[in-house]
Amino acid sequence: MLPADIPALIGRIPLFAHMNDAQRAALATNLRWICLPGGQYLFRAGEVADALYLLRSGSLGVFDGATDLIRQMSADDSVGEISLLSGEPFRYNVRALRDSELLRLDRSLFEHLIERHPRAMLEVSRQAIDRLLRRERHVEPPDKPRTFAILPVDKGVPVRGLAIQLAQALEAYGSCLVIDAEHGANRGSDWFAEREAQVRFVIYLDSTGDASWRLRCLRQADVLLLPALAAQPAQPWPEAAPGHPARVRHRPRHLLLIHPGHRVLPGAARRWRAEFSGELQHHHICGEGDIPRIARLISGHARGLVLAGGGARGLAHLGALRALREAGHDFDAIGGTSIGAIIGAGVANMWGIDDMMRVYYEAFVRGKPLSDWTLPFVALTRGRRAAMMLRRAFGAIDIEDLERPFFCVSTNLSGEGRVVHRHGPLWLWLRASSSIPGILPPVLHRGHVYVDGALVDNLPTDVMAEDGIAHITAVAIRADIALHAKTEEFATPPWWRLWMRQRRGIGWPGIVSTLTRAAMVNSEETSLHCIERADMLITPPLEHVSMLDWKDWQLAVDSGYQETLRVLEIREQGQLPAGNENLTVTG
């Protein structure tokens, strides 16, 4: 016997939204309930649909090949209708990411439905066109997880308070229900499906360590939250699944490190991450503001900041950040290239604006990191001053030790192209990200050669978007890569004649200008694409600031501040307040 909520489920699916109550009730009698365990295939690439399936609860993944997840389907989605109508086989594999319940409508009944309800055919056509357009534009809607499992490493982790705070933070985006072993143990799948249908989010909480309940939490969750006390010795999780990506079936895993004070313990993330293989995100919990940030990240509502490279012009980021913070803007994840990465690392380390102004003034203006000139066998400078500047500013911490998620981009000249750095010594990868070829020597690491990320991606909003960040603020820096000559030459004249021409302003472009602009040329096309990925774009006018002239730092800062104020004022005129839904807590 089908559950009583099936007619309501049918009404939520666009394919059947036009039906009245009697028609939905009649359709419900022709549906068959099936359970698809996590990991099991519903369709394989090359197969033709033999039925229409409605996803009642759980989550399905659409895979290109065995492991490349390209889309996630959640409750109230349908699958199979386009193949039924066209007779074409599936291009991709479809399988359950977790235990899922589906309703099956056989081919003959589906064809009868289309004959009696032509509007259903119209909805199928609209869905087919929409998916085709998204595929051509390489745009897929962001995954919106609905169920989370909190599975601590042991019973000593205080997870009940964590669960309640997380549920309260999720309240901003929908109603939330917390289910623990006391309320959920020995319940059937219908009971869980009904509760998942009643609210936007469900948190499955294990606070007792009961093996059977932990298994139920693991089977019900779209996302696994794995809390541990950062100061404790690292240890594997009680069950093997959280540590092995093959067994969690492409579900996101988030390691939650609870720190004893208000600062991150250096090295804790690296120790605990060593217990896992495959992709894993980690988050530091040091204070009350961290849990709302984690709620935004795991639910698909996070805000990201991306800062571009641009030499001395990049100090405009400091002015932009001051204006953004004055307006109350905060960011859950940060990324950047070259000087944008260096300044972004300060944001991720939770430095205040005044501290950043002081640190970066000392580093770039007074420190003169490009002043250790040398014979240009490798580059014009030795790179030692730049490296020491970064070591003084950030110490010996790893990227993993930053309080906010952070990445920087470099270019691997050993064949990999763009490399996104999320782990390892922070100063080293900032040094690599800012290694302008010919001016700073490359970073040599484990047989590979790394240079400035601006060669391939000067504004990596695409990386931030692939991380599932919902709203991206980007500060772009115009490079002015065009160089112009006032003479016709193919070889430099004698040094004395060249010197005279340079004094009259009709000589050759300088070597620093040539190298700096050459480093930016390849990324221009990429930057144009990445600019389109930004939800809020700030581009300060910086024509009056030279790329490597640090004495103009205040002009760059002021330009970034004023331009950001202008952009915020324009956006504020078009913004509307958003409302919240209710929070429900059980257990």
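R95 lies over the face of F63, 3.9 Å from the ring centre; a charge counts as over a ring if NZ of Lys or CZ of Arg is within 6 Å of the ring centre and within 35 degrees of the ring normal. This is a predicted model, where local features need pLDDT of at least 70, side-chain atom pairs count only at pLDDT 80 or more, and totals for chains, interfaces and linings use all residues. Residues are numbered from 1 along each chain as its sequence is written, and side-chain values use heavy atoms, leaving out hydrogens and water.

**Charge over ring**
- The charged end of R44 sits over the ring of Y41, at 3.8 Å from its centre.

**Aromatic pairs**
- The structure holds 15 aromatic pairs, meaning Phe, Tyr or Trp rings (for Trp, the six-membered one) with centres within 6.5 Å, stacked if the planes are under 30 degrees apart, edge-to-face if over 60 and tilted otherwise.
- The W191 and F192 rings are edge-to-face because their planes stand at 90°, with centres 5.1 Å apart.
- F192 also pairs with Y204 in a tilted arrangement, 5.8 Å between centres and 55° between planes.
- Y204 is buried, at 0% relative accessibility (buried is under 20% relative accessible area, with a 1.4 Å probe and protein chains only).
- Ring pairs join W351, Y360, F364, F394 and W550 into a cluster.

How values were computed: Buried < 20%, exposed > 50% of the residue type's maximum accessible area, 1.4 Å probe, protein only.
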